[in-house]
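Q: I would like to learn how to read a few features of a structure. Please show it to me and take them one at a time.

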Amino acid sequence: MTYVSDVTALARKDLLLELRAKETLPSMLLFVIAALTIFHFALPHGTSHQAALGLLWAALIFTALLGLTRAFVAEREQGMFDALVLAPCDRSAIWLGKTLAVLAFLVAAEVVALPAFAAFFSGVDGRTVAAVALADVGIATVGTLFGAMAVAGRARELLLPLLFLPMAIPIVIGGVGGYLWFLVLYDAIFAVLSWAAFEYVIAEV
Amino acid sequence: MVRVRLSALAAACTGLVGLALALIFFVAPTDADQGFSQRIFYFHVPIALTSYACFGWGAWKALRYLRTRDERADLESYVAIHQGVIFGALTLLTGSIWAKASWGVWWSWSENQLVLFLVLFLFYCAYFMLRFSVEPGPARANMSAVYALFGVVLIPVSFLAIRLSQKFIHPVVFTSHGPQMTGSQFFVFCVSFAALLTLFATLYQVELAGKRLDAHVRELRELLT
Amino acid sequence: MIASSSPPSEWQYVAAAYLVVFVFVLAWVALIAAKLGRLQKQLGELVEKARARG
């Protein structure tokens with residue numbers, strides 16, 4: 001089994017599970033629309049586009065968190081971690097497969113969120129879309145790694161936001177400011193780090 | 001690794017801190033721009049730098065743990081990061097007081113160092129949440145080590161991000177602390193920095209000794225009951 | 001260049017900053033001392049147990 005086929009198999013598994021269960025993605029979609037609605041009421045009249053854009057990013061981060069929290073729940077509830085760890089594939093393939101699946105969820109959620117934002121507030125330009133795409137990579141890579149850590153402990157759903165949000169701050173800064181090169185830098189650094197570190201995180205769960 | 005005797009370290013620490021305080025209050029010249037309150041700088045910045053040193057040391061020990069799987073490295077990493085959070089909290093507090101003294105506000109988003117420390121403080125507090133959430137053992141040690149390494153990589157990345165963010169949060173505010181110091185100011189700063197690093201080393205060794213003692217006592221109890 | 005406001009109680013801010021550091025370190029020392037006391041007591045109990053074993 002090659003590395004690529006392992007990764008594809010694992011990603012497909014997660015996507016198929018979601019297709020059948022239909023839990024995570026609908027929740028994320030509903031959440032992001034609800035969040036944007038709340039933000040509309042939270043913002044004072046005549047708010048600048050810049051401010052509203054900031055809140056888009058807040059909505060995206062929290063929606064991502066929602067999805068990430070669910071990422072390893074299936075594995076934990078069915079005790080699949082042992083099976084995955086014993087499987088004859090490179091441990092990092094587990095990470096990559098999961099990251100790709102999370103990425104798919106994020107993109108799916110944003111396909112709805114961005115037009116909704118454009119309708120509720122004001123237009124979304126190409127730069128923002130590119131920034132969101134780049135941010136997704138960072139969120140998925142780091143979030144998947146931390147998701148695996150969070151699931152191993154007692155606090156579980158409480159722990160992931162605490163671990164993840166400080167890491168998300170540079171992403172939000174890069175996104176709101178439109179610093180695409182910075183997002184690329186962030187993604188490159190932390191993707192490599194997450195890929196390398198995953199093996200240690202699930203070595204003994 | 002040079003194993004310095006703890007009593008010698010503590011004595012050196014006491015001497016250096018005493019010397020630093022004496023220099024700060026009696027020798028350092030009053031700053032032309034900021035007046036007397038500039039003296040906070042002599043502790044605030046070294047404390048911040050010491051905090052970075054703590055996190056760096058913690059990350060180094062974390063790397064050692066991942067390489068050697070030696071429990072002691074995990075404990076050393078934990079204690080270093082614990083000290084880092086203590087010094088980090090002190091950075092935020094002294095920085096806040098200095099902001100109040102200099103500009104009349106308790107917090108300033110345009111102070112890059114303060115904002116960076118806020119982010120790091122959040123990150124490393126989560127480190128403790130992680131440790132408390134997982135049962136002691138190799139799994140917890142692994143995860144803590146990975147997280148500590150992420151933290152140390154986050155430091156420069158966050159710093160860069162925060163500098164970028166200043167462009168759309170505030171126009172950059174010029175503050176007069178930094179390497180533009182007179183010779184005597186720089187000397188006092190160096191002594192103060194040395195004092196605080198020694199303080200970290202002392203606190204680190206004491207806390208480490210305490211935790212090791214704790215582990216031994218627990219082991220002894222298990223053996224005897 | 002920011003003109004410093006020079007409030008009348010400027011030295012009090014400096015004192016507060018150094019006091020905060022002092023208090024933190026002392027609090028830490030107190031916690032370690034408490035831990036040491038607890039450990040000493042536990043060690044005493046264990047020594048008793050070991051003696052009883054003979």
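A: Start with burial: a residue is buried if 20 or more other C-beta atoms, placed from the backbone, lie within 10 Å of its own, exposed if 12 or fewer, and partly exposed in between. This is a predicted model, where local features need pLDDT of at least 70, side-chain atom pairs count only at pLDDT 80 or more, and totals for chains, interfaces and linings use all residues. Residues are numbered from 1 along each chain as its sequence is written, while chains are lettered from A and ligands numbered from 1 in the order in which they are written.

Q: What percentage of the 54 residues in chain C do buried residues make up?

A: Buried residues make up 7% of them. Helices (H or I, at least four residues) and strands (E, at least two) are DSSP runs, numbered from the N terminus. Chain C has one helix and zero strands.

Q: How many residues does the contact take from chain A and from chain B?

A: Two residues are in contact if their C-beta atoms, placed from the backbone, lie within 7 Å. Here 26 residues come from chain A and 25 residues from chain B. On the side of chain A that touches chain B, helix 8 of chain A gives the largest share, ten residues.

Q: At what angle do helix 3 and helix 6 of chain B pack?

A: Axes are lines fitted to C-alpha atoms, for helices over the stretch in contact, and angles run from 0 to 180 degrees between N-to-C directions. Helix 3 (residues 71-103) and helix 6 (residues 183-224) of chain B pack at about 135°, with their axes 10 Å apart. Angles under 35 degrees count as roughly parallel, over 145 as roughly antiparallel, 65 to 115 as roughly perpendicular and the rest as oblique. Helix 3 of chain B and helix 6 of chain B are therefore oblique to each other.
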